[in-house]
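Subject: the model you asked about

Hi,

Here is the structure, as promised. Have a look at it first, and my notes follow below.

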Amino acid sequence: MPARLSPRLAAIVDALPLQPHSRVLEIGCGPGAAARAVAARLTTGHILAIDRSASAVDQARAAAAAEIGSGRMSVRQVAAEDFALEPGEEPYDLVFAVRVGALDGRHPEAGRQALRRIAMATTADARLFVDGGDPLRALDIPRP
């Protein structure tokens, strides 16, 4: 069953430049509603939903059993500023975050750390989107 999204989250998911083959990273997934909506648009792609909260990750895993079972989605407990690809994990080409303090300016040092981690876990032409635009705004991923 498709995830029920608030109008705001639906607008954010609709605004993402998703392709059926996209490799997507959602930072701060909460209970996973947006990640499930993204997974529904993927065929050969994959979304990894991460959150620092164990309870959020547990909720997302429980709600996304079908998407996880299909291989289109996975969930991991980790903070954005600690995120790293696991051995053999392919980099991501699209990253988004909604209400994540490290990426919306509320926690600048955590934001710098998170952007470094995102840069190491994404393709050279990856794009990063956060809320606060209409409905999204792009952030630059710092490249060495």
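A word on terms before the tour: helices (H or I, at least four residues) and strands (E, at least two) are DSSP runs, numbered from the N terminus. This is a predicted model, so to speak of local features we need pLDDT of at least 70, side-chain atom pairs count only at pLDDT 80 or more, and totals for chains, interfaces and linings use all residues. Residues are numbered from 1 along each chain as its sequence is written, and side-chain values use heavy atoms, with hydrogens and water left out.

**The sheet**

Six strands form an open sheet in the order β3-β2-β1-β4-β5-β6, with mixed pairing. (Two strands pair if DSSP finds at least two bridges between them.) At the edges sit β3 (73-77) and β6 (136-139), each pairing on one side only. Ignoring direction, neighbouring strands are turned by 25° against each other on average; axes here are lines fitted to C-alpha atoms, for helices over the stretch in contact, and angles run from 0 to 180 degrees between N-to-C directions.

Helix α5 (residues 108-120) packs on this sheet and touches β1 (23-27), β4 and β5, and its direction makes about 140° with that of β5. Contact, by the way, means heavy atoms within 4.5 Å.

Strand β4 (residues 92-97) pairs in the parallel sense with β5 (residues 122-131) over five bridges. Across that pairing, Val 95 stands opposite Leu 128, and Phe 96 faces Phe 129. On the β1 side, four bridges join β1 to β4, again parallel, with Leu 94 as the bridge partner of Val 24. Is β4 enclosed or open? Five of its six residues are buried, so β4 is largely enclosed by the rest of the structure. Buried means under 20% relative accessible area, exposed over 50%, and partly exposed in between (1.4 Å probe, protein chains only).

His 46 lies in strand β2 (residues 46-51) and counts as buried because its relative accessibility is 14%. Its side chain reaches the backbone oxygen of Gly 71 at 2.8 Å. That is a polar contact: a pair of N or O atoms within 3.5 Å, where within protein one must be able to donate a hydrogen and the other to accept it, and residues adjacent in sequence count only if both atoms are side-chain atoms. Leaving aside neighbours within four places in sequence, the contacts of His 46 include Arg 23, Val 24 and Arg 72.

Arg 72 sits in the loop between α4 and β3 and is partly exposed, at 22% relative accessibility. The Arg 72 side chain reaches the backbone oxygen of Ala 39 at 2.8 Å and makes a polar contact with the side chain of Ser 70 (3.2 Å).

Ile 68, in helix α4 (residues 65-70), is partly exposed at 31%. Not counting residues up to four places away in sequence, Ile 68 touches Arg 61, Met 73, Ser 74 and Val 75.

Cheers
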